[in-house]
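Please open the model in your viewer and keep the selection tool at hand.

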Amino acid sequence: MSILVGPETRLVVQGLTGREGGFHAAQMVAYGTKIVAGVTPGRGGERALDESVPVYDTVSDAVRETGANTSCIFVPAAGAADAIAEAAEAGVKTIFCITEGIPVHDMVRALASVREYGARLIGPNCPGATSPGANGRGTKVGIIPASIHLPGDVGVVSRSGTLTYEAVQSMTDAGIGQSTCLGIGGDPIIGTTFRDALELFATDTATRAIVLIGEIGGAAEEEAAAWAAANLSHLPRVAFIAGRAAPEGRRMGHAGAIVSGASGRAIDKIAALEAAGFKVAGSPTELPRLLIEAGYSPR
Amino acid sequence: MKIHEAEARELLSRFGLPVPDGATATTPAAARAAAERLFAAGATQVVIKAQVLVGGRGKAGGVKLAASAAEAESVAAAILALTIKDLPVRRVLIAPAAEITREIYLSALIDRASRGILVMASAAGGMEIEEVAAKDPTAIVREMAHPQAGLLPFQARRLGLHIGLRGELLRQFAAIATGLVRIAREADADLVEVNPLAVVPAPEIPGGERLVCLDAKVTLDDSALDRHPDFSAWRDEESEDPIDREAREMGISYIRLDGSIGCMVNGAGLAMTTLDLVTRAGGTPANFLDIGGGARADKVAAAMRIILADAGVKAILVNIFGGITRGDEVAKGLIEARAQQERVVPMVVRIVGTNATEAATLLKAAAFETATSLDEAAEKAVALAAGGAK
């Protein structure tokens, strides 16, 4: 088992005929992901990925014709929020948005659509999710390199891209496999938070330990820590927080942190996580050892 | 992108918000001319304010009053000679000094936690909102704007009522609060803050008082600047360090720090982690630098120039986890950059992930010092910066 993506995933790729979309879709298929459709407005009727996948003009068409239940968006930033809303309206329940640089007010509106239609959004500006399976295959939606994974039972959730790869690689090198690796994205407005991800992992019987990889800024790690303390005490849990030595973030002024009631500093996030029973690593390479110390044993 | 008070005022007035008269000047003579016009229009005193993109101008002597055009000229000359928190003052704003009865705080901003537009108001205007939040969090009232419709009038009134406004002032306040949210949405601003929003005497209107936006702070969303071409004129390129500008134009995120180890990394989280590990290994990072996803050789070469422009850099650590970014592209960029660089600085390179094997072959042929693990790379860089093992 896994969360969000797995054998049941029937993926529609919005922006499949673009350079990024086409490249990563091919990688997903090679790993074992079922891509059932692509969407590029004005190019419906074409076929992509060596003629193997039909392209539709709208997400509604793709859903009706192929039963797509998950979307992955590679649409350029100016149209990406609209692509999210379109997927939600078409009835897609799990929407991954890889695109970075989406105007933040577009996201406020897109998120309202996602909520209105009862969909779940992951991202934007996220690497997606992978649920590794047997024989070097599995289901991946997004851009996480397939080569870093090992199937297993540790759930990984992270705000970052390459830092996630680093952490997952160190786990794989140590023989510790993953149930699902999920990158939730680092933008100010995202669809799925750390806490949401932990709630999903909590319901997944195949996940027996948690790795949380956070960053300075905001209060999402503290919120997740509080939830985990009350609801995840049965699972070994470890964390890493990037930015102990970093200067204060530039993107948002203090007002954002004040409103969240948190400082956004690494030291406070680490304290909150430790208080919630997480073992916190000083380097991503320490995560495998800490998992074992937290009581996790690979099967 | 932060914009100056003068431009923030212009944005507010474009949206019909009450902003007092005023003008900017880059020379004392121009300041005098502006002051003359304001005195002729009925001002009894003018305020001269340094236009710099940092807080604490007042304490630094960057905000002063003048009672005559001649005094305005000399005050402007003094302020234009200041450097506030490393930023030279190149321009001043001259405005009529207001007779303030009461100061209010009001802002609209993107809030991560609630994932929407948050509007905050406080009766304790004129102070930094952080200070208010620390002293008395209950003094700040909040409303979430509707994601599609903006701040609704009843929400705006509720904010005004909570900070003790009644009658005509309440009506004005509600219009200003909904206006701030309209600006945030239509101009794609992360933050629109008016502090103080001042109550001033206005004998000409019923109630005898009105609200004016005396100071404004606006941060525009960098990701949305493309659809507001007119805002590009508001970028303060003069105050922008040339190195920062090159980084911005190349799509590289760069923040200069005080240490000796230059860092080149792909991805913000991994870049921060690299700084953390350098620090943990006993070194001091010279910068945060994220070359972004899918960087090609030319971007790597630009990143190298940016790092080396900092004379404090004694060693360089390159840490790349290839995903979208291809390791061999980065290696080629490094080899190209080293051939061009004027200053020789020891370097340790770690490239893993996509095309790491090809990268390793290229780097070996070019005799680069390499590392396998992140921790090892950080330790080597620290040793190199200290003049140790090569």
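Predicted model: local features only at pLDDT ≥ 70, side-chain atom pairs only at ≥ 80, totals over all residues.

Residues are numbered from 1 along each chain as its sequence is written, while chains are lettered from A and ligands numbered from 1 in the order in which they are written.

With chain B still selected, its C-alpha atoms fill a box of roughly 80 × 50 × 40 Å along the principal axes. Of its 390 residues, 48% count as buried, that is, with 20 or more other C-beta atoms, placed from the backbone, within 10 Å of their own.

Next, select residues 28–40 and 69–80 of chain B, which are helices α2 and α3, packed at an angle of about 140° with their axes 8 Å apart; the axes are lines fitted to C-alpha atoms over the stretch in contact, and angles run from 0 to 180 degrees between N-to-C directions. The two helices are therefore oblique to each other, the class left over once angles under 35 degrees (roughly parallel), over 145 (roughly antiparallel) and 65 to 115 (roughly perpendicular) are set aside. Show side chains here: residues of α2(B) including B:P28, B:R32 and B:F39 meet residues of α3(B) including B:A69, B:E73 and B:L80, contact requiring C-beta atoms, placed from the backbone, within 7 Å. By class, this contact has 10 nonpolar, no polar and 3 charged residues, where Ala, Val, Leu, Ile, Met, Phe, Trp, Tyr, Cys and Pro count as nonpolar, Asp, Glu, Lys and Arg as charged, and the others, Gly among them, as polar.

Now display both chains and turn to the interface, where 47 residues of chain B are in contact with 44 residues of chain A. Among the elements of chain B that each supply at least two residues to this side are β11 (189–201) and α12 (374–385), but α8(B) gives the most, with 10 residues. The side of chain B that touches chain A has 22 nonpolar, 14 polar and 11 charged residues.

Finally, colour chain A by domain 1 (11–122) and domain 2 (150–293), bounds that come from an automatic or database domain assignment. Their centres, taken over C-alpha atoms, are separated by 27 Å.

Key: Contact = placed C-beta atoms within 7 Å. Helix = DSSP H or I, 4+ residues; strand = E, 2+ residues; numbered from the N terminus. Buried ≥ 20, exposed ≤ 12 C-beta atoms within 10 Å, placed from the backbone.
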